[in-house]
Structures are given as structure tokens and as C-alpha cells.
Amino acid sequence: MIYMDQPIESKMQDCLKRTEFSKQLAKAILSYTKKDNFAISLCGKWGSGKTSILNMVIEEIKDIAKDKSETEKPIIVKFNPWNYSDSSQLISQFFLEIQQELKIHDNGKNMKEVGNALQRYSSVWEYTKYIPKVGKYFKLLNGAFKGVGEHLAEKANERNSLAEQRKKVIEALGGLKRKIIIIIDDIDRLNNEQICLIFQLVNSVAGFPNMIYLLSFDRNVVARALQKEQNCNGEEYLEKIIQVPFEVPEANHSLICDIFSNRYCNILFNETRMETNFERNYWESILDKCISPFLNSIRDVNRIINTFEFKYNLMRNEINPIDLIALTTLQVCAPTIHEWIYNNSYLLMGSTENCGDATGKEVQEEQEHYLKICENVYRENASLMMNVLQTLFPCFSFKTGRYIYEKETEHELRRKNKVASKDRFERYFNLSLEDIKITQNQVENTIYIYSEEELRKYFDVLIESNALLDYLNELLAFAPEIPETRRKFFVLELIKLQAKNEALNVQTNSFTISVYKCAECIDEILKHGKKEDNVDILMALIESADFNTLPSISKLMETLSFCYGRHGYKKTNSGGIVEEAELEKIEPMFLEKMKMIGENRCIFDYEDIGPIYRLWNNLDKMSWNKYVKTMLLHPVNVPKYLSMCASVWSDGRTRGWDFSEKTFAEYIGANEAYEKILSIKNTKDFSLLEHCFKEVAVAYYIWYCQSEKDRHNITKELVNAIIPQWEENAYVSES
């Protein structure tokens with residue numbers, strides 16, 4: 001809902017506890033029993049609640065006077081001068097509204113006399129020019145009192161006609177037992193001339209007995225206007241006119257914050273939607289440091305909440321609602337801070353894990369540096385701006401010495417949609433769903449809802465639309481959210497996806513990081529699972545392994561060997577996803593699976609054979625040696641084996657190959673390798689090789705044929721220029 005910036009009408013709506021003040025003000029007005037003209041002011045800033053207090057004062061006056069007789073009850077006239085843009089209308093409308101109110105209470109001879117006297121007095125104003133700064137506005141009135149005006153026209157030039165009519169008004173009002181309470185609100189909305197006119201009206205034109213004026217305005221605005229128009233001290237001018245000044249009581253700040261919090265929570269937690277994963281501690285910190293200092297009135301609350309609700313309805317699933325309300329507060333109440341954040345994102349984003357270490361002196365220097373920046377950006381309160389930045393941005397907080405954060409990783413910032421995430425920052429400022437390739441709803445559908453078939457179809461769509469990497473980046477952040485019952489399902493499907501994507505890369509001779517992102521996602525999913533469940537997942541992976549998925553599973557198994565320092569690997573600091581004792585039981589199963597797949601397909605067909613070779617060799621060196629020597633009996637497998645042994649170099653402009661006999665001599669000599677490659681040159685067997693193996697075959701051929709000093713210049717350009725010749729000759733020889 002939209003919160004309109006409207007004053008309350010009754011004390012029943014009072015949430016800022018100003019009812020008691022309103023009662024006392026009403027009693028003060030009614031306790032004035034003298035006949036003299038009397039003026040009271042209620043001063044406060046725009047949005048401080050002046051009109052709401054006036055409404056409660058009127059309500060209280062009526063309540064107190066309800067038991068009085070009709071001839072004693074006060075008459076209340078509410079005059080809104082800002083309804084009239086033309087200054088010349090103010091006086092005529094003022095008297096007209098009083099007369100209309102008097103007609104409502106017309107219950108006796110005295111009241112009629114007052115009405116008639118006021119009517120004649122106001123009519124004279126059509127012709128008067130005698131009061132400086134006032135007369136000029138009343139040369140021609142609307143004709144509201146035209147009948148009386150025509151009657152008095154012949155006397156308009158008599159200087160005493162105005163004084164005469166005024167005297168009659170004073171006599172008529174003096175005979176009343178009732179007070180006329182005239183309330184003029186929002187005087188500070190008028191232009192300078194009109195403001196001056198209102199106070200001349202109260203002081204001179206309509207300064208009659210039994211009239212009590214209750215005037216509401218921003219004192220600073222009015223004082224400046226009076227000073228400019230009257231060429232005098234505005235404050236002193238007010239002191240001469242206002243007998244009793246009141247200031248709007250300062251709103252209880254905690255009450256304003258409570259109202260803000262309630263309205264905010266009503267948006268997040270209503271009947272139709274429930275914000276999940278709400279970080280209460282983080283919210284309390286944001287409210288205290290980034291919101292509360294800017295809340296000075298209900299108007300502030302309304303402006304912030306209305307703006308927030310619009311943004312939230314637009315982007316609710318793609319942002320963190322706590323960060324959004326903080327930034328909305330800045331946008332509304334401190335736009336210079338909001339703009340600086342947007343223009344300096346590179347100084348703020350990131351998690352504490354990327355901050356590195358800094359000495360106490362370096363941290364102090366950072367503090368002083370940014371405090372100076374804050375002083376230039378937000379002169380009102382540089383320390384407040386610093387607190388805001390430190391609360392919203394953990395990396396900045398850490399660098400400037402405020403260690404208030406748990407160490408959220410980049411993945412956690414991303415999963416929680418924090419503004420501090422490098423992948424989330426921009427959306428808080430452009431508020432566009434068009435730039436979001438993968439929505440949170442899409443990720444959640446894959447995590448919680450999709451079946452195997454649906455997930456595979458979705459993966460195909462991602463590959464076709466070149467959005468797979470975007471999805472995997474999102475999944476990496478949401479991996480901890482995957483339910484335990486779906487972890488195995490997800491890992492199995494990601495292994496297949498990784499294998500499929502890797503095969504596509506080989507076929508197109510391309511490189512993509514999505515293959516490694518798949519592996520990273522699998523690792524992240526298993527890392528957040530129970531070790532006993534991970535044993536079951538690993539066994540299921542091995543059982544379902546085929547030629548396509550074996551490389552991905554072998555990389556996972558090798559990572560586990562790294563963790564525990566098995567088979568001569570250096571032990572890493574990271575813990576394994578299964579216990580080492582369980583790994584010892586799983587490894588023999590994996591060895592048998594590698595052997596079984598190797599019997600049906602050549603292991604060397606993989607572009608990256610490294611993990612399979614190392615694991616098989618470490619687990620059963622004898623069977624590995626036998627397997628390699630058997631495969632190398634077929635010449636077509638030699639370039640595949642050599643691709644594992646070749647050195648690939650790059651100088652930034654191009655890349656190439658180099659070979660060292662000691663890397664492959666255990667299984668085949670340099671001369672034998674050359675002879676076998678020579679035997680497939682210009683044959684169909686060469687043409688059927690994957691392009692990457694064709695490159696190694698030609699590169700080795702050149703390397704073997706060249707002298708020692710020229711062997712380091714085997715470039716990709718040279719190799720790929722020769723490959724078509726070998727293929728063309730193959731078809732010639734076949735024909």
C-alpha cells in the first residue's frame with residue numbers, strides 16, 4: 001500500500017504520543033477569558049506534524065466545550081490561505097469564511113450583528129488604498145459583497161469610512177460571550193508577500209476582540225519572508241504579533257523507528273508472501289546504522305517506505321530486502337551518499353576473504369583517508385556516512401578497522417543478494433530485470449522442483465543460449481541450499497553436464513570455463529553435505545560412470561587424494577568430503593571401473609588424461625603399464641599418448657609444442673614413436689583423429705625431424721598449415 005502524507009484526524013490515530021500536548025494547548029486556548037485579540041503560534045519544520053496536532057486540538061476543544069450552552073461554545077474557523085493563489089483573494093475569502101461559519105451558529109441578535117458588521121467592513125476593502133502593503137491587493141474584489149459595496153461606494157473616498165466600519169465590528173464582537181477561534185495552517189507554504197499579508201491581517205485588518213488566532217508555520221521560513229518583505233528583523237516582528245508561541249514537541253525517535261519497522265515488516269511478511277532467510281541481526285545493525293539516523297518524522301517514514309515498496313515489488317526475488325531499504329533510505333534522505341556509493345563501487349564491493357592482511361598503521365591511514373572523503377561528500381555528518389559504508393560493505397569495513405562481520409564468502413554474498421556482491425551491486429541502482437540472465441526463481445526451480453528430464457532440458461537450453469556459465473555461477477552460490485534428498489541427483493546430473501560440455505569443447509576445438517565451473521559446483525555441493533551421504537554419492541557416481549563421465553569423476557577422486565596426501569601427493573589444508581577410511585574402500589571400486597571402461601575404449605582418447613593416468617598408475621602400476629604398452633601397439637594411439645607428454649608453450653601471440661624424450665621413453669622410444677606416426681601419415685586413420693591429436697602428431701613429426709636448435713619453434717600456425725596436406729594425401733592414397 002501507498003502511505004499518503006496526510007495528517008491524522010483524531011487522537012485515536014496518534015502514534016507519536018502527542019495527544020497530551022494537544023490537550024494542554026486546547027486548554028490554554030479555552031482558558032483565555034479576556035476580550036482582547038490573542039494570537040498563538042504552533043511552529044515546526046515541514047513534516048513535523050503541525051496539522052495533525054491542530055486536528056487533535058480542534059477535537060479536544062469540541063470535546064471540552066460539548067457541555068456548554070450554544071451561546072458559550074467557541075466558534076472554530078479553519079482558514080487555508082494556500083487555497084488561493086491570488087493575493088487579492090486572501091482578505092475577501094478570510095471574511096467570507098468567517099461569515100459562513102457565523103451563519104451556521106446564527107442563534108441570536110448579537111451573532112447577526114457581528115455578521116452584518118463584518119460584511120460591511122469587508123466590503124469597504126474593495127476601495128481602500130490606505131494601508132501600506134495591504135491596500136494594493138484590494139482595489140477590486142470578486143464581488144462577494146457587491147451589493148453592500150455599491151451601497152458604500154459613494155463613501156469610499158472618505159478616509160474615516162474604514163475606521164467607522166471597523167469600530168462597528170469591534171462593538172458587535174465585544175458583545176459576544178463566545179470566542180471565535182481562527183486557525184490558519186501552513187502559512188509557510190505561501191509566497192513571501194502572502195505570508196506578510198497574513199500577519200498584517202492578524203495584527204491590523206482583523207485584530208478584533210474575542211478572536212483567538214492559532215497560527216501554524218515553520219518559524220525560520222516565515223521570519224525570512226517577513227524580513228525580506230518588511231525590511232525588518234523577522235523574529236522581532238513575530239514577537240510583536242504572537243503572544244504565546246508553542247513549538248511542536250520533538251517526536252519520540254524510537255516511536256518513529258517502530259512505525260518504520262512495522263511498515264517495513266508488513267511489506268515483507270504479509271498474508272500473500274513471506275520473506276525467507278531474513279537475517280534479523282543484520283537487519284538490526286542496518287536499522288541502527290543506516291536508517292534510524294535519517295528518520296526525523298513520519299513524512300520521512302512515508303517517503304522511504306513508499307519508494308521501497310515500489311522497488312521491492314519490482315525486484316523482490318533478485319535483491320536483499322535489507323540492503324534495498326538501506327539504500328532507499330539514502331536515496332531519499334541522503335542522496336549525496338547514495339550517489340557516491342554508486343560511483344565508487346570498486347572501493348566497496350567484495351567479501352572480507354579478499355581483503356588480505358594490513359598493519360594497524362595501514363588500517364588507521366585508510367580510516368583517515370576515507371573520513372576525509374566522507375567530510376567532502378556528506379558535510380552534515382561524516383562519521384555517519386562512514387558508519388553506513390562500513391555496515392553495508394564488509395570488505396570496506398574490514399579495511400577501515402571495523403571488524404563487525406562474520407566472514408561471508410563471495411558465494412554467500414551472492415546467494416544472499418547483498419549489495420556488496422560484485423554480481424549484485426548494479427541491480428540496486430538500475431532496477432532492471434532485463435540485465436539478469438538467470439533469475440533466482442529459475443535457480444530455485446532447478447534446486448527444488450525439476451525432475452531429471454526437466455533439468456536436462458533446461459541445461460540444453462542454457463548451452464544453446466550461451467547462458468550455462470551464468471547459471472553455474474548462480475548455482476555455486478546456492479549450493480548450500482540444495483536439499484539433502486536432491487544432492488545425489490544434482491551431482492549425477494552435473495557430472496553428465498560436465499562431460500557433455502567437455503565433449504562439445506573438444507569437437508569445436510574451443511575452451512570454456514564452464515567445465516571447471518561444473519566441477520566447482522559439484523565440489524561445493526558435496527562440501528556442504530554429510531560425509532556419510534557423500535560416500536553414497538561417490539559410489540553412485542562410480543557405478544554409473546561411462547566413457548564420457550570418467551574424466552570428471554577421476555578429477556573428483558584425485559582431489560580427494562590431494563586432501564589426504566595419498567599416493568605421494570602433498571596434503572592440502574582443506575578437509576575431504578568423505579573420511580579417508582571410506583576413500584580407501586572406494587578407490588578399488590574406481591580402479592575396476594577405469595579398467596572396465598579401458599577395455600572397451602582407449603583411455604588415450606581423452607584430451608585430458610592426466611587424472612586417470614595418475615590415479616590408475618598410483619593404484620595399480622603393473623596393470624597401468626600393461627594397458628599403456630598394449631594401446632601403443634596401435635599407431636593411431638601414439639599421438640594421443642604423446643599429447644599427455646608434450647609441453648605446450650605460449651608467448652602471448654601464439655602457442656606451440658615441445659617434447660622431451662624422458663617424458664615418454666618409459667613406454668615408447670623417440671624413434672619408435674616417429675615410425676608409428678609416420679605410418680599413419682597420409683592415411684584415413686590420421687583423418688579420423690580429433691583435431692587436437694592431429695596437431696600433436698604433426699608437431700612431434702616436425703620436432704623429430706628438426707635439429708636440436710630448431711625444435712623450439714614448432715608453432716600452432718606451422719602445424720595447422722601442414723595438417724591439410726596430410727589429410728589431402730590421405731584421400732589421394734585411399735583413391
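Trainee: How is a pair of aromatic rings described?

Mentor: A pair of aromatic rings is described by two quantities, the distance of the centres and the angle of the planes. In this predicted model, the count comes to 36 aromatic pairs. One of them joins tyrosine 458 and tyrosine 471, with 5.6 Å from centre to centre and 80° between the planes, an edge-to-face arrangement. That pair links distant parts of the chain, since tyrosine 458 belongs to helix α21 (residues 452-464) and tyrosine 471 to helix α22 (residues 468-478), 13 residues apart.

Trainee: Are tyrosine 458 and tyrosine 471 buried or exposed?

Mentor: Buried means under 20% relative accessible area; tyrosine 458 has a relative accessible area of 12%, so it is buried, and tyrosine 471, with a relative accessible area of 0%, is buried as well.

Trainee: What kind of pair do tyrosine 701 and tryptophan 726 form?

Mentor: Their ring centres are 5.1 Å apart and their planes stand at 85°, so the pair is edge-to-face. This pair, too, links distant parts of the chain, with tyrosine 701 in helix α33 (residues 691-705) and tryptophan 726 in helix α34 (residues 716-734), 25 residues apart.

Trainee: Which residues have a charged end or side chain placed over a ring, as with phenylalanine 547 or tyrosine 282?

Mentor: The charged end of arginine 601 sits over the ring of phenylalanine 547, 3.7 Å from its centre, while lysine 418 lies over the face of tyrosine 282, at 4.0 Å from the ring centre.

Trainee: How should I read the side chains of strand β1?

Mentor: In a regular strand the side chains alternate between the two faces of the sheet. In β1, Phe38, Ile40 and Leu42 point one way, Ala39, Ser41 and Cys43 point the other way, and all are buried. Because six of the six residues of β1 (residues 38-43) are buried, the strand is largely enclosed by the rest of the structure.

Trainee: Which strands pair with β1, and in what sense?

Mentor: β1 pairs in the parallel sense with strand β4 (residues 211-217) over six bridges, and serine 41 stands opposite leucine 215 in β4. It also pairs in the parallel sense with strand β5 (residues 244-247), over four bridges, where isoleucine 40 stands opposite valine 244.

Trainee: What is the order of the strands in the open sheet that contains β7?

Mentor: Three strands form that open sheet in the order β6-β7-β8, with antiparallel pairing. The edge strands, each pairing on one side only, are β6 (647-650) and β8 (714-715). Two bridges join strand β7 (residues 655-658) to β8, and the bridge partner of glycine 656 in β8 is threonine 715. Helix α33 lies across β7 and β8, running at about 60° to β7.

Trainee: Which residues touch the most other members of the largest nonpolar core?

Mentor: Of its 97 residues, Phe490, Leu494, Tyr641, Leu642 and Tyr700 touch the most other members. Helix α33 contributes the largest share of this core, ten residues. Leaving aside residues up to four places away in sequence, leucine 642 touches Phe659, Phe664, Ala673, Ile677, Val696 and Tyr700. Apart from this core lies another, of 60 residues, among them Met349, Leu413, Ala420 and Phe429.

Key
Residues numbered from 1 in each chain as written. Predicted model: local features only at pLDDT ≥ 70, side-chain atom pairs only at ≥ 80, totals over all residues. Heavy atoms only, no water. Phe/Tyr/Trp six-rings, centres within 6.5 Å; stacked < 30°, edge-to-face > 60°. Buried < 20%, exposed > 50% of the residue type's maximum accessible area, 1.4 Å probe, protein only. Lys NZ or Arg CZ within 6 Å of the ring centre and 35° of its normal. Pairing = 2+ DSSP bridges. Core = buried A, V, L, I, M, F, W, Y, C linked by side-chain atoms within 4.5 Å. Contact = heavy atoms within 4.5 Å. Axes fitted to C-alpha atoms, helices over the stretch in contact; angles between N-to-C directions.
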